[in-house]
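Please read the following points with the structure open beside the text. Each point takes up one topic.

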Amino acid sequence: MSSLVAPVHKVIPGTGFVVDGFRHSQPAATAYFLTHGHSDHYAGITANWCAGPIYCSHITARLILHLLGVQPQYVHGLDLHKPYVIHGTEVTLVEANHCPGAVQLLFRLADGRKFIHCGDMRFEPALLQDPHLAAFRGATAIFLDTTYCLNAKYTFPPQVHAASNTFSPDGAVCHQQLFLISTYVIGKEKILFAVHRSTGLRLYVDETKWGVLSCLGYGAQLMRDTFTTDPAASPIHVTGWGFLGDTWPYFRPNFTNMEAVRQQYGAQRVVGFCPTGWLHEVRKTLRESGSFPVRHKGGRLQVHLVPYSEHSSFPELQEYVKWVKPHKVIPTVNVEGAEGERKLRSMLKVFGALVDQTAGKAALLAGMVLKRQGTAGGRVSEGYGKSKVEVMELEDLEEQDSD
Ligand SMILES: [Zn+2]
């Protein structure tokens, strides 16, 4: 068994691999994997990182070099859809439909076990066309992005629908108005490109945002066609997340920021767009009126909340797990903190009917037989011995269920 001390949802059984776990020293780790460049996943990586090699997509590699100043010898960018052998385990990166550079990790161990680590993922049916992913149907376990697992009401319109409708509530762009779109450091770029396509206008980003966007592999021409660093060149400005207001636990618009910008640029009106999948009021307004919620102040300031998510909704998670039919689901979100154990039990119940329980029980049974043989006189062959290790680890995983 591995002596890694990271949480179970960050460790790939039978390997020394840690996924999205950089906060704690892991002397037994042989390699670290980063699924994507969001701070809650790379937390712990600093310019002084020296704990071991970090494997990720090329885009994520460029991002952490740019944002965190990690020493390049520790960062290994990998191609998508190409199997690599790392410490005897085959590793393949496939698309996660989350932010740019986000991947799901496919681990195929020498003993035949297969693990999928989703990182953060927004399911869409097109993902299932990937032959590498299809080869992992019936996986030993799937480490699943369960951000929206516990509430069946979390459903979002498809991303393309949300992105293409971002400007529709307000009609045509007018130069006497200033439009603000808030985004994370990375993520939700599809909305920016959709706005550019629908308006034909470039979007203003500051130098910092330009630097980050330049890491994402769009190419110099597309960057110049879509974005500008001259605020006077566009009525559409990209702002940081939180500039238009706080979003958690409910949306509170920041009209002070918006009024300051209105005066700075001499606009008659400022219209903000906040793309989020988190908010109760977004779901409620959409359900009741079929439109996005809008907050106003004095006719000069308004904010539209756009239901756009880069995580899977609950029905999407169910569809994905049903398709993979793994032996086990290992939730990776909402499992830590005081409420973690209770939520974990609830989530495992949710997926209980979708996993291949037959395979898990067969392995468990085989393990019990092997154990009896082992204690009855040490007659377990070397080959069976390898299987025994596998089953013992499966049993350890099973114990997590009964906590
Ligand atoms: Zn993320």
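1. **Overall make-up.** The model under review is a predicted one. The protein contains 13 helices and 19 strands. Of its 403 residues, 51% are buried. Among contacts with a separation of 6 or more, 64% involve residues 24 or more positions apart.

2. **The zinc ion.** Four residues coordinate the zinc ion: H36 through NE2, H38 through ND1, H98 through NE2 and D120 through OD, at 2.1 to 2.4 Å. The angles between the four donor atoms run from 89 to 164 degrees, and the arrangement is therefore irregular. For comparison, the ideal angle for four tetrahedral donors is 109.5 degrees. Along the sequence, the donor residues follow the spacing H-x1-H-x59-H-x21-D. H38 belongs to the loop between β2 and α1, and D120 to the loop between β8 and α3, so this pair ties together parts that are 82 residues apart in sequence. H38 and D120 are both buried.

3. R122 and E316 form a salt bridge through their side chains, with an N to O distance of 2.9 Å. This pair links distant parts of the chain, 194 residues apart: R122 is in the loop between β8 and α3, and E316 is in helix α10. Both residues are buried.

4. **Two further salt bridges.** K82 and D79 form a salt bridge in which the closest N and O atoms are 3.7 Å apart. K82 is partly exposed because its relative accessible area is 40%, and D79 is likewise partly exposed, at 30%. R252 and D246 also meet in a salt bridge, at 4.0 Å from N to O.

5. **A buried lysine without a salt bridge.** K188 is buried but has no salt bridge, and the nearest side chain of opposite charge, that of E310, is 6.0 Å away. A salt bridge would require a distance within 4 Å. A polar atom of the K188 side chain does lie 2.9 Å from the backbone oxygen of P275.

6. In α2 (residues 58–68), the buried residues are I59, T60, A61, L63, I64 and L68. Their cover includes α1, β3, β4 and α6. After α2 comes G69, with a positive phi near 70 degrees. In α10 (residues 314–324), the buried residues include F314, L317, Y320, V321 and V324. Among the elements covering the buried residues of α10 are β7, β9, β19 and α11. K325 follows α10 and has a positive phi, near 45 degrees.

7. Apart from neighbours within four places in sequence, the contacts of Y32 include V18, F22, W49, P53 and Y55. Y32 and C56 are 24 residues apart in sequence, and their C-alpha atoms are 8.8 Å apart in space.

Methods: Residues are numbered from 1 along each chain as its sequence is written. This is a predicted model: local features need pLDDT of at least 70, side-chain atom pairs count only at pLDDT 80 or more; totals for chains, interfaces and linings use all residues. Side-chain values use heavy atoms; hydrogens and water are left out. Buried means under 20% relative accessible area, exposed over 50%, partly exposed in between (1.4 Å probe, protein chains only). Lys and Arg count as positive and Asp and Glu as negative; His and the chain ends are not counted. A polar contact is a pair of N or O atoms within 3.5 Å; within protein, one must be able to donate a hydrogen and the other to accept it, and residues adjacent in sequence count only if both atoms are side-chain atoms. Donors are N, O and S atoms within 2.8 Å of the metal (3.2 Å for Na, K and Ca); water is not among the atoms, so sites may look incomplete. Four donors count as tetrahedral if all angles lie between 85 and 135 degrees; four count as square planar and six as octahedral if opposite donors are over 155 degrees apart and all others between 65 and 115; anything else is irregular. Helices (H or I, at least four residues) and strands (E, at least two) are DSSP runs, numbered from the N terminus. Contact means heavy atoms within 4.5 Å.
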